[in-house]
Amino acid sequence: MYNRVLLKLSGEALKGANAYGIDPKTVNEIAKEITEIKDLGVEIAIVVGAGNLWRGKTGEELGMDRAQADYMGMLGTIMNALALQDALEAAGTATRVMTALPIAAVAEPYIRRRALRHLSKGRVIILAGGTGSPYFSTDTAAALRGAELDVNAILMAKNGVEGVYDKDPRKFSDALLLERLSHTRILEERLEVMDSTAASLCRENNIDILVFNMNKPGNMKKAVLKEKIGTVVTT
Ligand code: UDP
């Protein structure tokens, strides 16, 4: 079993069957799965995205200043973090929301040593605000926090796909699921696991990434117990 993991939840994971936004029922289901792995004794840090609410790139395409639009995206991650916190606490799991973009009324600032303290006390930490800087993604925030919190692996929970394929499974019916691959291959073949900044950070710091389908109940537990599911990215 892994002792400490970083779970990357994309914003899309929280929208359920809706086109966008937050679906509390879906968030409750995710919280149940997280509570299950927490009860195994695993230390969990979660980095949450905001693609269900806003993406900086979309704003830029519509004529906005990129940095301004990115800050809106970071604010979106804080909304998602609060929704997750609500569901996790209702499921009986102690949590702290820590944000890289300070909003003192609702979340603690991200301070590495405090984050480690929360983890050692068995609290699930929800890391919002991405890296706190525009032009980055929450995947990069996951790689960064994964490195500094010294996690055993990053769990990339995906929506509806089993792992990483050699080509897009939504477009090609003969797409092959890759059970094991290297960070270098992600970078060279531009595979859709995470963006290249995040992938190189993981490569440089030897962080394993597990990519799996989070729509199948029990998969998160299997990932933590090192059972064979989805794709393992390793050096
Ligand atoms: N973002 C940012 N800096 C960061 C992380 C996120 O500016 O360090 C912004 C960026 O605009 C991004 C948005 O927040 O589009 C939402 O994050 P992301 O797209 O990574 O969410 P996900 O795809 O995981 O839902």
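Around the ligand sit 23 residues, of which Gly 49, Gly 51, Gly 56, Gly 73 and Gly 130 come nearest; a residue counts as near if its C-beta atom, placed from the backbone, lies within 6 Å. This is a predicted model, where local features need pLDDT of at least 70 and side-chain atom pairs count only at pLDDT 80 or more, while totals for chains, interfaces and linings use all residues. Residues are numbered from 1 along each chain as its sequence is written.

Helices α2 (56-61), α3 (66-90) and α5 each give at least two residues to this shell. Helices here are DSSP runs of H or I with at least four residues, and strands are runs of E with at least two, numbered from the N terminus.

Let's compare the make-up of two groups of residues.

Helix α5 (residues 138-148) packs against helix α7 (residues 196-204) at an angle of about 15 degrees, with axes 7 Å apart; axes are lines fitted to C-alpha atoms over the stretch in contact, and angles run from 0 to 180 degrees between N-to-C directions. The two helices are therefore roughly parallel, a term for angles under 35 degrees.

Stepping back, the protein holds eight helices and eleven strands. Its C-alpha atoms fill a box of roughly 50 × 50 × 35 Å along the principal axes.

Methods. Parallel < 35°, antiparallel > 145°, perpendicular 65-115°, else oblique.
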